[in-house]
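The stops below go from the whole chain to single residues.

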Amino acid sequence: MIDIPSAPTAKEIFDGAWFARGSWVVAGVESIVGWPVRVVEVPFQDRTLYIIPATANTGEYNYNTFPSVAVRLEVGERFEDGQVIISHFLSSLTWVSGQAVQAVNWGGGNLPRPTSGFSGMRTITDHFYYPYLPAPTGNARLALAFYREGLGLNHVAYQCLSFFKILNILHANPKDQIAWINQTIPHICNWEAKQRISLLQQTQNDLGGYLYGSNRCAVAHAGGQPTADPEDPQDLRRLQDDLPLVRALAEYAIEHDFNVKSSATIYREHLYELEGFKGIFGLNRVQTIKDSGTLCEEEWPALPRLSLRLAFHDRYAPCENLTAKVMAVEDGRAKVWCDSEDGLFSIMAGLNFREERLEIDPLNAVTLRDDGSEHAMRLAAAFVKFHRSYFGNGILQVWNAETEVLLGRCDAFLPINADMIATHNYLTEIIRRYEEEADRRAMAG
């Protein structure tokens, strides 16, 4: 049976250690982006933001609060400074999620109290997981702001206008905007946008001129031609049909002209898998490995102790504080042998710099040793728990155990041709047997 997360009570939220006195700014939000069921700390722009769940109207505190974001002000900061930080975060979240996240009320004070009176739909998630949250500056930041504005509006004409504002930042001159649109049209990949392009090309020779005139100008101006009549169904239908294309053009500009990568690009490049290890090896060594496939032994760097962890899970004893050593560098990858201090757990990791892949198989490339002790059985049971959690879409992470810095992460594990319930039950039974054996050894010892 799958446990469906539910909204917490206000008492459960307000009693947390994070709920401390200070100078706070809190934004109540509306969005279909899943909001967590517990307070989550999110680093953004060198600050810590708190993602606060919507609360249920039950318990000692009779509140029904908005899903919220809070930031604690530093000395000398004003309320408006906190609003700006949160707004930048919401625009970044909108960009990576593709869904509007709108601040609908603001509050704060000496405690991070969300606003009560929420009556909207709750979209709940067990985990708030957005490891990529860009924080651009200048015009790129403004482009994200207009993108969030466009997605958050409930009128198609003004949605189109917001997306055109992004193109206007890029090219102030109308002729330049039209030329950019015509140059960009062949690079648009969105399916709905391509369908609209195909249809328009049957009647329009200049798509840039068409969109600029019948879309941007028709919405922004009145009294001349063209003018988008808000009561003309044909005008509204045309704008609605154009919207996927105008949005796709804005997204292309943000990524390729303002250089803010999309979450799809981040996933495709998967540079996060080895990001921290590149710093340890150094750019010159990494490039040598990519170019020649190998690296002379004298150049192998000393590695810190490593910890294998799963996002959103407690730490697993056998996978913590592992000694790590480069054993070979060949075929563009460094092979790293990891050992527990007691020698009962070992795993081989591959740092594939050519393919930008963190190659670890925690299901099969593991050695567990039994020295006959209770401790060995406890570790074995703990690792099978790790195995069970990883099998259930676990997100593998490798941490520097000495500095607590994340060095690399994989995407969620997706089992193929597996009976999830049977596998879960099988692993649970193994855990039970190991724990029983540990208890028996404890009694015998």
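Of the 445 residues of the protein chain, 46% count as buried, where buried means under 20% relative accessible area, exposed means over 50%, and partly exposed lies in between (1.4 Å probe, protein chains only). This is a predicted model, in which local features need pLDDT of at least 70 and side-chain atom pairs count only at pLDDT 80 or more, while totals for chains, interfaces and linings use all residues. Residues are numbered from 1 along each chain as its sequence is written, and side-chain values use heavy atoms, with hydrogens and water left out.

**Whole chain.** Show the C-alpha trace, which spans about 90 × 65 × 50 Å along its principal axes. Colouring by secondary structure gives 13 helices and 15 strands; these are DSSP runs numbered from the N terminus, helices being H or I with at least four residues and strands E with at least two. Contact means heavy atoms within 4.5 Å. Among contacts between residues at least 6 apart in sequence, 66% join residues at least 24 apart.

**Helices α4 and α8.** Select residues 156-170 and 233-257: these helices pack at an angle of about 30°, with axes 8 Å apart. That makes α4 roughly parallel to α8. Axes are lines fitted to C-alpha atoms, for helices over the stretch in contact, and angles run from 0 to 180 degrees between N-to-C directions. Angles under 35 degrees count as roughly parallel, over 145 as roughly antiparallel, 65 to 115 as roughly perpendicular and the rest as oblique. Show side chains next: the α4 residues that meet α8 include F163, F164 and L167, and the α8 residues there include L243, V246 and A250.

**N259.** Go on to the loop between α8 and α9, where N259 sits. Its phi is near 60°, a positive value in a residue other than glycine. Most residues other than glycine have a negative phi. N259 is exposed, with a relative accessible area of 61%.

**Q45.** For another positive phi, select Q45, which is not a glycine and has a value of about 50°. Q45 lies in the loop between β3 (40-44) and β4 (47-52). Is Q45 buried, partly exposed or exposed? With a relative accessible area of 33%, Q45 is partly exposed.

**E273.** Select E273, in the loop between α9 (263-269) and α10 (275-281). At 3% relative accessibility, E273 counts as buried. A polar atom of the E273 side chain lies 2.7 Å from the backbone nitrogen of L358. A polar contact is a pair of N or O atoms within 3.5 Å; within protein, one must be able to donate a hydrogen and the other to accept it, and residues adjacent in sequence count only if both atoms are side-chain atoms. Leaving aside neighbours within four places in sequence, E273 is in contact with residues including E356, R357, L358 and R409.

S389 lies in helix α12 and counts as buried at 14% relative accessibility. Beyond its neighbours within four places in sequence, S389 is in contact with L310, H313, Y316 and G394. What do the buried residues of α13 pack against? They pack against α12 (374-391). Those buried residues are T423, L427, I430, I431, A438 and R441.
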